[in-house]
Amino acid sequence: MRLGVELRTFAGRYDGDNETQVQAVENLIAAGAKGILITPSDTAGIVPTIQKARDAGLLVIALDTPLSPASAADMTFATDNFKAGEMIGMWAKEKMGDKAKDAKIALLDLSTSQITVDVARDQGFLKGFGIDIKDPNRMGDETDPRIVGNDVTQGSEEGGRRAMENLLQKDPGVNLVYTINEPAAAGAYEALKSFGLEKDVLIVSVDGGCPGVRNIKDGVIGATSMQFPLQMASQGVTAIVEFAKSGSRPSASNGLDFFDTGVQLITDEPVKGVQSVTSQTGLSMCWG
């Protein structure tokens, strides 16, 4: 590649596949790698293996999802996921206007494992919407009566459909849906459509992948917070190359404990007080 380094890639067999990530890290240690970029499937479960890599002299950078604790990696290159959630929460509150005080909210999370990125997006959304989040490091402890409930999606379209159906059974009056990502949002929309409710419910999400931005344009999703994973990866590779050459380590962004790669609200229905760009602009910046 252009930077003159050998790049090896590994992928899990499914979302949450920690065992394959453990094997990949151990293989890289044995191969004499200089550094590792990892989006952890199990933010706590992978930590002992990451420590082995750091003990062996590798620079470890978490991408998008901090480890538990975040200090288990040398640095995290990520979206401010709490801010991403907060932006869609603020947008939803302004969009609903007076109806926000009587909202019936379905929260479609990733899993029950309290994964850092899952928690940050969920809690940021609730705070942005004006709900007391109790412990910001834990989902599901809120007592606001507007919350219908939480369900899990594994970040997939099928998971989103199933979770939406479950929460509609709990309360068919749901009128606001938060989803961990855009595939889950697409599944939620299909479930709502099957009940003839798609025009009555506002859906918000996080990611900014091209299919998700197209769903903004098509009216499936009201607003999404776009992250920039290609920037995370490219800047992460550059940091490891610099570490290999000079031993220098990346620094966190001002006031944060991670390197912030930015976030942008995408919507075709802008509201007062929340900066956004249109889906047309979003399509020029999206990924995937």
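Mentor: Happy to! A nonpolar core here is a set of buried Ala, Val, Leu, Ile, Met, Phe, Trp, Tyr and Cys residues joined through side-chain atoms within 4.5 Å. Keep in mind that this is a predicted model. In soluble globular proteins, nonpolar side chains tend to be buried together. The largest nonpolar core in this structure has 31 residues, and those touching the most other members are Trp-91, Ala-92, Ile-105, Phe-125, Phe-129, Leu-176 and Val-204. Helices and strands both contribute: α3 (81-96), α4 (116-129), β4 (105-109), β6 (176-179) and β7 (202-207) each supply at least two residues. The largest share, six residues, comes from α3.

Leaving aside residues up to four places away in sequence, Leu-176 touches Ala-92 and Met-96, then Lys-104, Ile-105 and Ala-106, then Phe-125 and Phe-129, and finally Val-201 and Leu-202.

While you are looking inside, find the one disulfide of the structure. Cys-210 and Cys-286 form this bond, with their sulfur atoms 2.1 Å apart. Cys-210 sits in helix α7 (210-217) and Cys-286 in the segment after α9 (279-283), so the pair ties together parts that are 76 residues apart in sequence. The S-S torsion is about 95 degrees, so the disulfide is right-handed. Cys-210 is buried, at 11% relative accessible area, and Cys-286 is buried too, at 16%.

Key
Residues numbered from 1 in each chain as written. Predicted model: local features only at pLDDT ≥ 70, side-chain atom pairs only at ≥ 80, totals over all residues. Heavy atoms only, no water. Disulfide = S-S within 2.5 Å. Helix = DSSP H or I, 4+ residues; strand = E, 2+ residues; numbered from the N terminus. Buried < 20%, exposed > 50% of the residue type's maximum accessible area, 1.4 Å probe, protein only. Contact = heavy atoms within 4.5 Å.
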